[in-house]
Amino acid sequence: MEEKNQGAHVVFLPYPSQGHINPLLQFAKRLASKGVKATVATTHYTVKYICAPNVAVEPISDGFDEGGFSQAQNEDVYLKAFRDNGSRTLSQLIHKYQDSSFPVNCVVYDSFLPWALDVAKKKGIYGASFFTNSATVCAIFSRIHRGLISLPVKPDETPLLLPGLPPLNLPDLPSFVLAPESHPAYLAMNLRQYSNLEKADWVFGNTFENLEGQAAKGVSDLWPGKLIGPMVPSAFLDGRIVGDKGYGASLWNPLGSKTVQWLETKPRESVAYVSFGSMVSLAAEQMEEIALGLKCSNTHFIWVVRESEIGKLPPEFADSTKEKGLIVTWCNQLEMLVHPAIGCFVTHCGWNSTLEGLSLGVPMIGVPKWADQMTDAKFIEEIWGVGVRAKEDEKGILRGEELISCLKQVMGKGERSLEIRRNASKLKALAKEAISEGGSSDKCIDEFVERLKCRN
């Protein structure tokens, strides 16, 4: 016979980078809104950047408490230290709550950190893996892990035909699949996600049924993901979490109201928002070509250029474009995308940015550079029809004239731009429906909560 345990307590363990903290923290807020005690366990270096209502934050150690990954300066060294120190301090955190009113009964861990599942099982509690990639990318990597796809994938082995997915050609595949030697530590980390997955009590994917249901179904025997996304702040979707207008974590200092004030002076859907995320570093030649394209286009723009990249801009570019453009070192991306003046999102196609663009109905121009971005860009253009993928030349450079052409296709008045906007609006509505009360993602979350609150 089951008795209700109203003291359900979930510890969330993200990989300590912005793109991994955000969706896990958002999931924590979702569960907190449904009566679950939620605690985010993050590294000493990142703990000070996290502040979300109704979510507790606790530090654990990655072995580099003063500077995080930058202190380690090596992926292999960092990941081993995080596994060793993280396992020990996560175990201590669970033990800390053992005799409290809210003992921890589940760890939801970033799939990049499979050792957290071993800790949960040793403590006799539930363990749930949370994947921050698309279901499509999970389908690819889980098959590589099982030896069903050999690396590197070669031209004569494509198109890759996988259940639930469209044919995938070389430009559509994650960069690690084409060049395993390029980032061996990151490739190994992607494959380790599946090392003990069969022991997990739940597997969660930050996507939704009407977006990637077929992809998830096609790989359900290897990756039994419950689709609970999009993990975007509630104010931009269903509005059921009061005051949830941001993720509650920022490893950078966003600018103030200057950007929004500038936007207020621009016509509806007239501005291209350009951002390549927190990790992509563009070559100086690429920066010059993007600058040229923006300068010579008839489009207003906001370009987010990190401080470390500012020196790559052409001299006098900022001054010569100040009437039509604005360069900022960081800003609140959601606040930008939701503004009616924004007509296009020029993006690196990281999964979080892709989901944000989809959720807010903003047409996209994909400029993928590495990892899963290539696959996301294919779907943006060919499968969902919410944007275009910019073509690079033989040197791998997006030229200015190609960017101008893409801006015309997406922000113009032609039939293709109208179709893109229609598709973007449709997917925005489907994203909202999925996470709203009774939606496909909401049902999966409710089932999880009910099981957490019940014990024998």
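Leaving aside neighbours within four places in sequence, Leu148 is in contact with Arg143 and Leu222 in this predicted model. Leu148 lies in the loop between H5 and H6, and with a relative accessible area of 57% it is classed as exposed, because that value is over 50%. Its C-alpha atom is separated by 26 Å from that of Asp76, a residue 72 places away along the chain. The loop between H5 and H6 also holds Pro159, which is joined to Thr158 by a cis peptide bond with omega of about 5 degrees. A cis peptide bond likewise joins Gly229 and Pro230, where omega is about 5 degrees, and Pro230 is found in the loop between strand S8 (226–227) and helix H9 (258–263).

Asp76 itself belongs to the packing of two helices. Helix H3 (residues 75–96) and helix H7 (residues 184–192) pack at an angle of about 35 degrees, their axes lying 9 Å apart, and the crossing of H3 and H7 is right-handed. On the H3 side the residues that meet H7 are Glu75, Asp76 and Leu79, and on the H7 side they are Ala185, Tyr186, Met189 and Arg192.

The aromatic side chains were examined next. The count comes to 23 aromatic pairs. One of these pairs is formed by Phe27 and Phe204, which are arranged edge-to-face, with 5.2 Å from centre to centre and 75 degrees between the planes. This pair links distant parts of the chain, since Phe27 lies in helix H1 (residues 18–33) and Phe204 in strand S7 (residues 202–205), 177 residues apart. Phe27 counts as buried because its relative accessibility is 0%, and Phe204 is buried because its relative accessible area is 0%. Tyr126 and Trp202 form another aromatic pair that is edge-to-face, at 4.9 Å centre to centre and with 75 degrees between the planes. Here too distant parts of the chain are linked, with Tyr126 in strand S6 (residues 126–131) and Trp202 in strand S7, 76 residues apart. Tyr126 counts as partly exposed because its relative accessibility is 23%, whereas Trp202, at 9%, counts as buried. Ring pairs join Phe12, Phe27, Tyr126, Phe130, Trp202, Phe204 and Phe448 into a cluster.

Rings also take part in arrangements with lysine. The charged end of Lys37 sits over the ring of Phe102, at 5.9 Å from the ring centre, and Lys266 lies over the face of Trp262, at 4.2 Å from the ring centre.

When residues up to four places away in sequence are not counted, Val108 touches Val10, Val11, Phe12, Leu13, Leu24, Phe27, Ala128, Phe130 and Phe448. Among these contacts of Val108, Phe12, Phe27, Phe130 and Phe448 belong to the cluster of ring pairs.

Helix H14 (residues 373–383) is mostly covered, with eight of its eleven residues buried. The buried residues are Gln373, Met374, Thr375, Asp376, Ala377, Lys378, Phe379 and Ile380. What covers them includes helix H5 (135–145), helix H6 (175–178), helix H13 (351–359), strand S13 (364–366) and strand S14 (387–389). Just after H14, Gly385 takes a positive phi of about 65 degrees. In the loop between S13 and H14 is found Ala371, which has a positive phi of about 55 degrees although it is not a glycine; Ala371 counts as buried because its relative accessibility is 12%.

A positive phi, of about 65 degrees, is also taken by Asn54, again a residue that is not a glycine. Asn54 is found in the loop between strand S3 (37–43) and strand S4 (55–60), and it is exposed because its relative accessible area is 70%. Ser417, by contrast, counts as buried because its relative accessibility is 1%. Ser417 lies in helix H16 (residues 415–435) and touches Gln409, Val410, Met411 and Gly412, not counting residues up to four places away in sequence.

Methods
Residues are numbered from 1 along each chain as its sequence is written. This is a predicted model: local features need pLDDT of at least 70, side-chain atom pairs count only at pLDDT 80 or more; totals for chains, interfaces and linings use all residues. Side-chain values use heavy atoms; hydrogens and water are left out. Rings of Phe, Tyr and Trp (its six-membered ring) pair if their centres lie within 6.5 Å; planes under 30 degrees apart count as stacked, over 60 as edge-to-face and the rest as tilted. Helices (H or I, at least four residues) and strands (E, at least two) are DSSP runs, numbered from the N terminus. Buried means under 20% relative accessible area, exposed over 50%, partly exposed in between (1.4 Å probe, protein chains only). A charge sits over a ring if NZ of Lys or CZ of Arg is within 6 Å of the ring centre and within 35 degrees of the ring normal. Contact means heavy atoms within 4.5 Å. Axes are lines fitted to C-alpha atoms, for helices over the stretch in contact, and angles run from 0 to 180 degrees between N-to-C directions. A crossing is left-handed if the near helix is turned anticlockwise from the far one by less than a right angle, and right-handed if clockwise.
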